[in-house]
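User: Can you walk me through this model? I'm new to reading structures.

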Amino acid sequence: MERDLIPTFGHYRLLELRPKHIERWISAQREAKRDRVAVYRAVATLRNAMYAAVRSWCLRYNPAKHSVPSKPRAAERTCWAPNRSRPSCSTGPSSTRSS
């Protein structure tokens with residue numbers, strides 16, 4: 001938050017912050033090839049802070065309400081092929097378990 005949001009939005013008064021400011025910051029982060037998860041978390045943090053201001057009657061609406069980018073999906077995991085995996089527990093006659 002101190003590295004991302006405060007330097008960018010800290011000089012705005014709460015009532016001056018508009019969705020266009022947030023959208024511009026998101027676009028700049030994407031152009032800079034910033035990690036999508038980091039951008040998502042930063043904007044989600046900002047949105048939650050703005051909701052707190054709305055709940056405490058400091059703001060009438062949340063300027064970050066619709067600015068949060070879609071949540072990044074985790075990369076698809078590749079399962080091992082059956083011939084590369086081994087059972088973690090063998091119970092048959094070929095078991096190497098000692099008694």
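Analyst: Helices here are DSSP runs of at least four residues, numbered from the N terminus. This is a predicted model. From the N terminus on, its elements run α-α-α.

User: How many helices and strands are there in the protein chain?

Analyst: Three helices and zero strands.

User: What percentage of the residues is buried?

Analyst: Buried residues make up 25% of the 99 in the protein chain.

User: Which residues have the most contacts inside the largest nonpolar core?

Analyst: F9, I22, W25, V43 and L46 do. That core has 16 residues. Each of α1 (5–9), α2 (19–31) and α3 (36–55) supplies at least two of its residues.

User: Which helix gives the most to this core?

Analyst: α3 does, with seven residues.

User: Let's zoom in on V43. What is V43 in contact with, leaving aside neighbours within four places in sequence?

Analyst: V43 is in contact with I22, W25, I26, S67, V68 and P69.

User: New topic: pockets. How much space lies in the largest pocket?

Analyst: About 200 Å³. Its lining has 13 residues. F9, L14, L17, L46 and M50 lie nearest the centre.

User: Which elements give two or more residues to that lining?

Analyst: α1 and α3. The largest share, four residues, comes from α3.

User: How do the lining residues divide into nonpolar, polar and charged?

Analyst: Ten are nonpolar, two polar and one charged.

Key: Residues numbered from 1 in each chain as written. Predicted model: local features only at pLDDT ≥ 70, side-chain atom pairs only at ≥ 80, totals over all residues. Heavy atoms only, no water. Buried < 20%, exposed > 50% of the residue type's maximum accessible area, 1.4 Å probe, protein only. Core = buried A, V, L, I, M, F, W, Y, C linked by side-chain atoms within 4.5 Å. Contact = heavy atoms within 4.5 Å. 1 Å grid on protein atoms, 1.4 Å probe; cavity = no way out; pocket = protein on both sides within 12 Å on 5 of 7 lines; lining within 4 Å. Points joined across faces, edges and corners; volume = space filled by probe spheres on them. Nonpolar A, V, L, I, M, F, W, Y, C, P; charged D, E, K, R; others polar.
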